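Trainee: Could you take me through one part of this model, the sheet and whatever packs on it? I would like a close look, strand by strand.

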Amino acid sequence: FAPEFETIASILKSMNLSSAKVDCIKEGKIATEQVIRVPGDYTGNRNTYEIISAMRRKSLPTVSILNSEELIEFSRSDIFVTVGFFENLDEENYKNYEVVAKSLHDKYMFAASFNKSTIATFNTTSPSIIVFKQFESTIENYSGDFSVYSINEFININSFPLFDEMYEDNYVSYLQRGLPLAQFFYEELEDREKYTQFFRRLAQKHQRFAFVSIDAKIYGNHANTLNLKQEWPAFAIKIGNFSYPFNGRFSEDEIEVFIHDVSLGRRPWSIKSEEEKGMDGNVVAVVGNNYDELVLGGSTKKDVFIKFYAR
């Protein structure tokens, strides 16, 4: 990371931002005073682009109040930029927008305008929010409910690509979104290219799901946590702690029906389980698939004496 830090320092200097480095072993007092955690207080991706973006955001107000020309330049300044248009600083809609901006300032850049001509320039209304997505080369306009929850949800849905590669560096970011995670495993790049437009279309249709692709050659073992067989391509949905592996014939039609059913709660979630072994004398082996029936009651309603063990 050291050579990259020197590059970062040089770029920050050109932006009139200062940088410094501290040996936390030798200068433990400074580290303690600054509440620095090892390996560092910055928790984002440790690459030049991400750190420069984070420093740029830190140097700006929580919400930058800008005119038309400034907003045009601002909208191109990061891969995801949020701009709100309002009547005045005192309206509740703006105050809710500001609350969201404060909570997400470490991740995204926020601006606002109260000027009627600026609102007209951007061909929108008041109140409204426009997000500029450089990673999709698109914009999204929002003018719905302006509660804190709804603004947060709109930004959360739009702040990631419709269909993106998931890997070590962005895995935690996807989990933190809190959306059901629809995961497509591929072994050959041809398969990813073949299904990309299909999954982008599904992502547009099911915006409360996060759609990602995963290289099975690198992260194939992750499929085991979703109860998927090591056969590619493969697909599964993770909702909280519950896994929904797709086990049918891998076709666009069947996957689309599967996603629709999961979204409506029509598919059972899957648990890890050995095969059921039946009775061995007066003892029955309890596994994941028959635990509810045999232990929690099911149709038998009997008391159960059970031994838990690890092999």
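Mentor: Begin with A182, whose bridge partner in β9 is I237. This bridge belongs to the pairing of β7 with β9, two strands that run antiparallel and are joined by 5 bridges. Strands here are DSSP runs of E with at least two residues, helices are runs of H or I with at least four, and both are numbered from the N terminus. Two strands pair if DSSP finds at least two bridges between them.

The model is predicted, so local features need pLDDT of at least 70 and side-chain atom pairs count only at pLDDT 80 or more, while totals for chains, interfaces and linings use all residues. Residues are numbered from 1 along each chain as its sequence is written, and side-chain values use heavy atoms, with hydrogens and water left out.

β9, residues 234-239, also pairs with β10, in the antiparallel sense over 4 bridges. In that pairing A236 has P245 of β10 as its bridge partner, and K238 stands opposite S243 in β10. β9 and β10 form a hairpin with 2 residues between them. G240, in the turn, has a positive phi of about 60 degrees.

Now the whole sheet: it is open, has 5 strands in the order β6-β8-β7-β9-β10, and its pairing is mixed. β6 (163-165) and β10 (242-245) stand at the edges with a single partner strand each, so one side of each has no neighbour in the sheet. From one strand to the next, the twist averages 25 degrees.

Helix α9 (residues 189-205) packs on this sheet and touches β6, β7, β8 and β9 (contact means heavy atoms within 4.5 Å). Its direction makes about 160 degrees with that of β7; such angles run from 0 to 180 degrees between N-to-C directions, and axes are lines fitted to C-alpha atoms, for helices over the stretch in contact. Helix α11 (residues 252-263) packs on the sheet too, touching β8, β9 and β10, at about 10 degrees to the direction of β9.

The two helices also meet. The axes of α9 and α11 come within 12 Å and cross at roughly 25 degrees. That makes α9 roughly parallel to α11, a label for angles under 35 degrees. In α9, Y195, F198, F199, R201, L202 and K205 meet E252, I255, E256 and I259 of α11. The residues of this contact divide into 6 nonpolar, no polar and 4 charged. Ala, Val, Leu, Ile, Met, Phe, Trp, Tyr, Cys and Pro count as nonpolar, Asp, Glu, Lys and Arg as charged, and the others, Gly among them, as polar.

Terms used. Angles under 35 degrees count as roughly parallel, over 145 as roughly antiparallel, 65 to 115 as roughly perpendicular and the rest as oblique.
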